[in-house]
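Please read this report alongside the sequence and the coordinates.

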Amino acid sequence: MNNSLKFEPLFHKEVQQLQSRLSALSQSHEARKTALYESEQRFSLAMFGSDDGLWDWDLETDEIYYSPSWKKMLGYGDGELEASLNTWSSLVHKDDQEDALQSCRDYLNGNIDTYNHEMRMLHKNGSEVFIIARGFIVPPESEGQAIHFVGTHVDITARKKAEAYNDKNAEILEMIATGMPAATVYSAIALIYEGRHLGMRCSMLELHGNKLMHGGAPSLPNEYCTALHGIKNGPSVGSCGTSTYTGTRVVVENIDTDPKWQEIKHLALPHGIASCWSEPIKSSSGKVLGAFGMYYNHTGVPNEEQSQDLLSGARLAGIVMERDQAQKYIRELAYTDLLTGLASRAHFYQVIEEQINTFKGSDRRFGLLYIDLDDFKGVNDSLGHDIGDLLLKAIAKGLKRAAGESDFVARLSGDEFCILVEELDDYTAAYVAQRCLDIISEPVDVADRSLIPSCSIGIAYYPEDGENLSTLIKAADTTLYAAKELGKNQYTCYTKELTDKAEYRFQVEQYLKEAIEHQQLSLVYQPQFSVQTGEMIGVEALSRWYHPALGQVPPADFIPIAERIGMIKPLTEWVLYTACRQALEWKEQGQPALTMAVNISPSHFLDQEIVTLIKQVLDETCLNPAELELEVTESVVQTDQRNIRSFKTLKELGVKLAIDDFGTGYSSFSSLKHLNVDYLKIDKYFLDDMLEDKQALQLISSMIEMAQQLGYEIVAEGVENQQQLDILQRLGCEAAQGYFFSKPVSAQAISALRMSF
Ligand code: C2E
Ligand code: CA
Ligand code: CA
């Protein structure tokens with residue numbers, strides 16, 4: 001406080017103005033003066049017996065009378081403190097002094113009507129006391145009498161603290177809601193409570209299993225926090241170790257003497273820590289998540305406010321801990337594949353990106369193995385998803401075994417897996433790929449069945465096949481596709497041609513939809529002959545597509561794509577109508593009836609709609625159902641009840657059914673026994689080898705024999721020469737089809753061919 005104030009009243013100018021204002025008032029309004037005097041009396045009475053502090057400031061001398069409760073509010077006794085303005089101003093918080101003086105000035109000047117001011121003052125113990133000061137002028141009885149500024153002090157610290165606490169609490173909740181790191185929020189919580197209790201220091205510990213881990217304790221010595229980090233909880237392990245163990249509050253009044261601190265007091269005492277109270281932090285379901293601790297450098301037990309704060313601090317920290325754990329769990333969920341325990345796609349992508357960043361600019365390389373199980377869909381469809389899941393788990397284990405310690409294995413989706421292998425020499429990735437093929441093809445026993453899975457693997461290398469995540473994944477995926485096409489159960493490395501192929505496939509996909517919609521496809525017909533009589537007995541309708549940019553696209557290319565993009569149904573519908581109308585046209589031309597064979601894709605055949613479609617086609621074209629033959633591949637022939645139903649209903653319509661490419665799939669004669677099929681078409685693969693390979697011949701011979709006994713007719717596919725035909729004739733084969741007779745040709749060419757026979 002400025003010394004000059006001692007010689008001249010602080011508000012000299014204001015007092016002079018006030019004096020003239022008041023004397024004017026007193027001369028003209030005697031009644032008002034009386035009222036003011038009466039209010040002063042009431043004021044004194046009101047003060048009597050209240051806790052409020054009373055002050056009386058003689059503005060002319062700057063002497064101030066402070067009542068005993070005024071002094072007590074700040075921790076002083078009645079005999080202490082000088083009755084001067086200096087006392088007041090030195091007790092006002094430094095930062096609040098300017099405002100405090102200004103509000104007095106404003107009131108005395110008449111700028112404001114009431115004096116009502118909030119400020120912080122200093123308690124004798126060094127803490128801050130929030131005060132609200134109110135006051136008014138006591139007018140002089142007569143000219144020249146001292147002017148007094150009298151008023152009260154009310155301690156509003158508790159209310160202020162509560163307000164601040166609520167604000168801070170709201171801040172904490174906001175921090176939690178906006179996903180601030182738990183450690184940051186713990187520190188903020190500690191600071192709130194430390195602000196409320198002078199000399200108190202807070203700590204929050206997380207319980208992981210039975211270990212206490214440091215959460216936050218911004219004011220405790222690092223050395224102490226580090227020493228406690230990782231300590232096991234138990235029935236007698238300090239305050240927090242015990243409270244997390246028992247799930248109840250532990251109050252230790254004196255660390256030095258309390259047996260619970262016996263083992264660890266040497267960690268606390270050197271830092272002056274004397275008492276510690278701990279409240280277990282619990283989740284909303286009551287599970288102990290950690291402990292909230294309050295430390296003092298003096299011994300003692302909590303008062304009511306501290307006790308309350310211990311509880312609310314633990315609750316607040318509990319919200320943070322619970323959220324943090326939930327987030328960690330969610331992250332874990334996103335980062336691991338629950339079924340196999342391998343890394344998830346998201347995690348894998350992140351790891352690849354990290355690896356790229358690490359390897360960038362160096363000459364280190366890595367290989368990306370893209371692995372897909374062969375025919376996994378078949379397992380799921382025929383044996384059910386539970387078995388499928390068991391198989392995937394076994395595969396995951398196998399892949400982990402196949403991969404090296406440092407290789408990263410992930411499951412991307414369904415039956416797709418990936419392995420990241422650092423390419424230490426030129427063979428590391430290829431070696432791992434071969435190990436995967438070997439290990440995966442070991443029989444897997446699931447639910448008392450033995451499955452022999454296989455997989456295909458595409459390998460792409462960083463950086464040569466792709467320099468970023470997406471190009472690399474695309475290259476590996478393209479390569480995988482190629483591995484599948486090459487006949488499965490093998491690995492392939494990425495080449496430029498593969499991209500060209502992928503590009504081509506992409507274009508086919510782009511144009512195919514339009515071509516099907518606009519009926520830009522055409523049909524050719526390949527005749528089938530009776531082996532015994534040499535007579536043409538039927539034709540197989542085969543789709544052709546010529547695209548101006550792509551040229552002639554073979555059905556082996558566009559049929560699988562049509563299946564994938566969901567265009568196979570409109571395609572089949574068009575084929576069925578066109579082929580049946582053609583059959584009818586030939587009949588109308590007076591030619592003897594031929595069987596018209598149409599290929600039906602397995603996925604379409606499995607759909608009940610196929611029955612409706614066939615009925616509709618037969619209705620509209622009035623073709624004799626017995627003259628229509630549907631060819632489906634063996635993959636449809638699983639013991640699945642649904643297929644049997646469509647086989648049955650179609651048979652009831654009177655159409656003929658053929659199993660196409662017989663011998664290449666899984667079906668056996670025994671799996672056919674429930675099905676009422678008419679023909680088995682022996683795949684060209686067997687015919688190709690029949691002249692050189694005795695076993696192939698033996699197989700054909702057995703198939704024919706079995707088929708005859710079971711009542712099926714055999715159609716031999718891909719007959720290319722007279723020798724093959726001779727043997728087939730000898731074996732008793734009924735029908736044959738192949739380039740030896742004719743390639744697939746136009747409808748007119750078929751008519752011409754019939755004339756010539
Ligand atoms: P697929 O049903 O096994 O048809 C027989 C395929 O073998 C035809 O090929 C035919 O041209 C060929 N082929 C016949 N005899 C011989 C021979 O002696 N030697 C040789 N090297 N090949 C012969 P294409 O027309 O290329 O058809 C390939 C496959 O595309 C067909 O195999 C069939 O699965 C599918 N496909 C063709 N058109 C359609 C269709 O309209 N719908 C469906 N779902 N699939 C079709
Ligand atoms: Ca066929
Ligand atoms: Ca075939």
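This is a predicted model: local features need pLDDT of at least 70, side-chain atom pairs count only at pLDDT 80 or more; totals for chains, interfaces and linings use all residues.

**The calcium sites**

Glutamate 540 and glutamate 631 are both buried.

The calcium ion (ligand 3) is coordinated by Asp660 (OD) and Asp661 (OD), together with two entries for Glu717 (OE), at 2.1 to 2.5 Å. Its donors are arranged along the chain with the spacing D-D-x55-E. Aspartate 660 lies in strand β24 (residues 656-662) and glutamate 717 in strand β26 (residues 713-717), so this pair ties together parts that are 57 residues apart in sequence. Aspartate 660 is buried, as is glutamate 717.

Which residue bridges the calcium ion (ligand 2) and the calcium ion (ligand 3)? Aspartate 660 does so, and the two ions lie 4.0 Å apart.

**Ligand 1**

Around ligand 1 there are 20 residues, of which Gln526, Ser543, Arg544, Glu720 and Tyr739 come nearest.

| Residue | Atom of ligand 1 | Distance |
|---|---|---|
| glutamine 526 | nitrogen | 3.0 Å |
| arginine 544 | oxygen | 2.9 Å |
| aspartate 661 | oxygen | 3.3 Å |

Taken alone, ligand 1 exposes 800 Å², and the protein buries 80% of that area. The elements that contribute two or more residues to the shell are β20 (536-547), α18 (555-564) and β24, with the largest share, four residues, coming from β20. Sorted by class, the shell consists of seven nonpolar, six polar and seven charged residues.

**Tryptophan 55**

Tryptophan 55 has its place in strand β1 (residues 53-58). Is this residue buried or exposed? Tryptophan 55 counts as buried because its relative accessibility is 7%, which falls under the 20% cut-off. Leaving aside neighbours within four places in sequence, its contacts include Ile64, Tyr65, Tyr66, Trp70, Tyr115, Arg134 and Phe149. The side chain of tryptophan 55 also reaches the backbone oxygen of threonine 152 at 3.1 Å. The C-alpha atoms of tryptophan 55 and serine 67 are separated by 6.2 Å, although the two residues are twelve residues apart along the chain.

**Lysine 265**

Lysine 265 is placed in helix α10 (residues 265-268). A polar atom of its side chain lies 2.7 Å from the backbone oxygen of aspartate 256. When neighbours within four places in sequence are left aside, lysine 265 is in contact with Ile255, Asp256 and Pro270, so that aspartate 256 figures both in this contact list and in the polar contact at 2.7 Å.

Definitions and conventions:
Residues are numbered from 1 along each chain as its sequence is written. Chains are lettered from A and ligands numbered from 1 in the order in which they are written. Side-chain values use heavy atoms; hydrogens and water are left out. Donors are N, O and S atoms within 2.8 Å of the metal (3.2 Å for Na, K and Ca); water is not among the atoms, so sites may look incomplete. Buried means under 20% relative accessible area, exposed over 50%, partly exposed in between (1.4 Å probe, protein chains only). A residue is near a molecule or strand if one of its heavy atoms lies within 4 Å of it. A polar contact is a pair of N or O atoms within 3.5 Å; within protein, one must be able to donate a hydrogen and the other to accept it, and residues adjacent in sequence count only if both atoms are side-chain atoms. Accessible areas come from the Shrake-Rupley method with a 1.4 Å probe; for residues, only the protein chains shown count as cover. Ala, Val, Leu, Ile, Met, Phe, Trp, Tyr, Cys and Pro count as nonpolar, Asp, Glu, Lys and Arg as charged, and the others, Gly among them, as polar. Contact means heavy atoms within 4.5 Å.
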